[in-house]
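The tour goes from one selection to the next.

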Amino acid sequence: MAAEASPLAPDWLSVPADQERLDAKLWAEDVDRGADGVLQIDGVSVRDLAEQYGTPLFVMSERDFRARAATFRTAFDEAFRDLCGGVDVFYAGKSFLCTEVAHWVREEGLGLDTCSGGELAVALRAGMPGHRLGLHGNNKSAAEITRAIDAGLGRIVVDSLQEVTLVGDLAVQRGSTANVMIRLTPGVHAHTHEFIATAHEDQKFGLSLTTDQGPGQDDGHDDGASSPAARAVSDALAHPGINLLGVHCHIGSQIFEPEGFELAAQRLLGFLAGVRDRHGVELPELDLGGGYGIAYTEADEPRPAAEIARAMAAVVGSTCRELGLRVPRISIEPGRAIVGPTTFTLYTAGTTKTVRVDASANGSEVVQDTSVTHPRRYVSVDGGMSDNARPVLYGADYSAVLASRTPEADPVLSRVVGKHCESGDIVVRDVYLPEDTGAGDLLAVPGTGAYCWVLSSNYNYLTRPPVVAVADGAARLIVRGETEEDLFRRDVQREPALPATEPGAPRNA
């Protein structure tokens, strides 16, 4: 008898007709089930991975990472070749970065964007050449900027009027010239969560195109006298320590449709035309950022890189023709879209329980009789918000599958939760799992390559998990897991009292 959908489930979540089938868009290309029903990656069984490395464990496909990086490079190169000779692709290191991944980025011919001195240190340690590196950040320290200048970074993306002066002055002090791009907020409201939408005015990033008299025209042709963006360009062009390359924007993250990128390109190209008219200079570069979405659940339908590239190229070409503007060299910054689907997190299930819930608990108004309840199964795992903070930060949805055996029992609506002392410690809010899922089973959560390990913490004094990369049928550790000794090394121990006393003992005994 086929299982029925639960009224507690969101509308987009369907009952799996075949629990062994994997939704290909959620997983790396080399993940499948073996003949025994056990999940495997490039032929390596998750049972073997769990036995060797323990759980929780981040499992990454090196082949899939390299393939996605190459796809972005070739797709955008082909779309823009006739316009500006191609595109510079900078991997957004903030999504996931370690020295091994930085090696892959270098070997695949991409640049690498960093957002801090620590990320820059990782990139340099991996041998990334300075000219293929960028440094972002809304509040860079003088030490971070100085390091970037000394390393000969290809671009420092300045984020404020004060930073234009700071970067230029530090470059002069070093007897050097800093390559600079200016981050602008084009006012494009991407359809994404407010915490990861970054192109509107009311947030910390970038310089506004808005003048003191109000928003300028979409083509950027304002008088330039009071726009913070225009003042930043004027200051940068006048500073002897700055080589102004162009302008930069980033409209947000987890974006599926190309229209937002197209509108941002139009507005920034209009702004560049205004710079030409005011200063007689055609700035040579335009960075359109990243934010390309991936599939976390069956409801997500990401666009292929080539489709987005063609749409953006068409708009850039037509806009430059209208403005009589030479097409600048375009660059983009994919991060999540490269690393996100390459990785899944492997957990071991523990405690389970089933609760009865009012059907209106999923926000539905279909069921009016609140006396009718339905079952929801809770499956606890040995990790949670310390290795994936995204659900608790902004309600991110994920999926999960039983990974260590063939699913046999009927699927039931389940909620995968972590082991932390927080009721909001939810790993997967809604998923159908076999009813007999229980202690000792392995669960795999796909799409955890981006913003999971990098946001991990030691909450409740859990140690952060290891990361293994699988390639050519073999797994190797690329980030080791923490131990309790690692935690103690940072914990400054007080000197033992002399003589030692027991709590509650009389002071003058």
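This is a predicted model: local features need pLDDT of at least 70, side-chain atom pairs count only at pLDDT 80 or more; totals for chains, interfaces and linings use all residues.

Residues are numbered from 1 along each chain as its sequence is written, and side-chain values use heavy atoms, with hydrogens and water left out.

Select Asp 42, in the loop between strand E2 (39-41) and strand E3 (44-45). Helices (H or I, at least four residues) and strands (E, at least two) are DSSP runs, numbered from the N terminus. Phi of Asp 42 is near 50°, a positive value in a residue other than glycine. Asp 42 has 22% relative accessibility and so counts as partly exposed; buried means under 20% relative accessible area, exposed over 50%, and partly exposed in between (1.4 Å probe, protein chains only).

Next, go to Pro 56, in the loop between helix H1 (46-53) and strand E4 (57-61). A cis peptide bond, with omega about -5°, joins Thr 55 to Pro 56. Most residues other than glycine have a negative phi, and most peptide bonds are trans.

Then select Asp 472, in the loop between E20 and strand E21 (474-479). Its phi is near 55°, again positive in a residue other than glycine. Asp 472 is exposed, because its relative accessible area is 77%.

Finish at Leu 455, in the loop between strand E19 (442-446) and strand E20 (467-471). At 34% relative accessibility, Leu 455 counts as partly exposed.
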